[in-house]
Amino acid sequence: MDTDNDFINDTPLQWSPDGQGGYVVELLPVAGSALRAHAVAINNHGVILASGLAIGSLPTYTAYVIDGETITHVGVSNPMDINDNGIILTNNQLYDYYGATPLAFDPLPDDMPRGYLYPASINNHDEVIVTILTTIIGHTRYHAIGIYTVDVGWDLFMDVQTIYSAGSINDNGDVTLYNVSSGCGLVYLSGVGFYCPASLLDEGSLDWDVSDPSFIALDGTILAQGGNSGTAQYGTVRLSEVGDLPPPTPPINLDAVPHEATWQQPWNAIGLSWENSSTRTLDYTVERRISGTADWIVINSGWRVTTMWDMDVG
């Protein structure tokens with residue numbers, strides 16, 4: 001909070017529910033000789049991570065922890081989060097608050113892409129999701145995404161690409177990914193798969209344009225950015241689970257037209273076409289079965305349009 005309207009003497013605050021639908025606002029202490037401070041994070045035990053300017057002799061922002069009546073200056077710069085185990089995440093390292101010990105990230109293993117580490121989020125299993133910047137060519141950044149577990153090591157979450165960077169990770173292992181351009185960010189639901197938030201909307205919410213997820217709660221609630229041009233509502237939106245959506249209805253009006261080779265198109269094929277009948281369809285898998293046999297053979301999957309040539313029919 002800016003205490004004197006000069007945007008200089010900032011003081012951290014804690015908002016606590018008052019049990020009657022409102023909140024009690026409490027000014028939090030500023031550590032030592034800090035000129036100003038701001039709150040950064042709070043864990044489920046009520047331990048608060050804050051950042052203060054010029055604590056001691058350094059004219060920079062460094063972390064301190066408010067644990068009940070105890071205020072501890074931990075000295076690390078650019079604090080981002082603290083989990084229930086007291087592990088503090090900064091923009092380049094970890095710190096064990098209860099053990100008063102700096103923790104370095106282990107080196108990346110040989111079977112993972114190498115690069116600069118940009119940590120994004122830590123959960124209560126001490127898992128950190130990290131963007132790994134491998135190279136920059138022109139204006140394009142190439143990065144992978146890894147998950148680092150304290151005292152365990154690294155796992156590759158997404159290989160090198162140019163579209164997504166790390167967002168958040170919750171205790172279920174659900175992940176959000178930012179789209180570094182203007183496309184849709186992704187949510188990864190553990191054990192299920194990757195989704196653009198807009199593809200999770202029910203029939204009654206299809207007038208909303210939803211993208212850029214930032215957080216997934218343990219109950220599946222998703223925070224994202226959204227807009228509804230019909231109601232002129234824009235900003236942060238909350239997506240809540242309402243149950244399983246029914247599967248999309250099958251395509252209709254499937255048509256198969258033989259194509260005989262000509263001098264201009266010297267191949268035999270069957271031209272397939274169909275019509276989509278559902279707003280929930282993402283893509284198609286096309287299969288073929290030879291007459292008199294029981295086995296279906298996949299000839300295309302992940303197909304996004306409603307026409308194709310089957311050119312392997314003789």
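1. Tyr23 counts as exposed because its relative accessibility is 52%; exposed means over 50%, buried under 20%, and partly exposed in between, with a 1.4 Å probe and protein chains only. Tyr23 sits in strand S2 (residues 23-27). Strands are DSSP runs (E, at least two residues), numbered from the N terminus.

2. Tyr23 also belongs to a nonpolar surface patch with Trp15 and Val25. Patch residues have over 30% relative accessible area and no salt bridge, and nonpolar side chains are joined within 5 Å. A salt bridge is a side-chain nitrogen of Lys or Arg within 4 Å of a carboxyl oxygen of Asp or Glu.

3. This is a predicted model: local features need pLDDT of at least 70, side-chain atom pairs count only at pLDDT 80 or more, and totals for chains, interfaces and linings use all residues. Residues are numbered from 1 along each chain as its sequence is written, and side-chain values use heavy atoms, without hydrogens or water.

4. On confidence, the protein chain averages a pLDDT (per-residue predictor confidence, 0 to 100) of 89, and 96% of residues score at least 70. Strand S25 (residues 297-303) is lowest, at a mean of 83. Strand S8 (residues 87-90) is highest, at 98.

5. S8 is part of an open, antiparallel sheet of four strands, ordered S7-S8-S9-S10. Strands pair if DSSP finds at least two bridges between them. S7 (79-82) and S10 (101-103) are the edge strands; each has a single partner, so one side of each lacks a neighbour in the sheet.

6. S9 (residues 94-96) pairs with S10 over three bridges, in the antiparallel sense. Leu94 has Leu103 in S10 as its bridge partner.

Methods. Patch = residues over 30% accessible without salt bridge, like charges linked within 9 Å, V, L, I, M, F, W, Y side chains within 5 Å. Areas by Shrake-Rupley, 256 points an atom, 1.4 Å probe, with all protein chains shown as cover.
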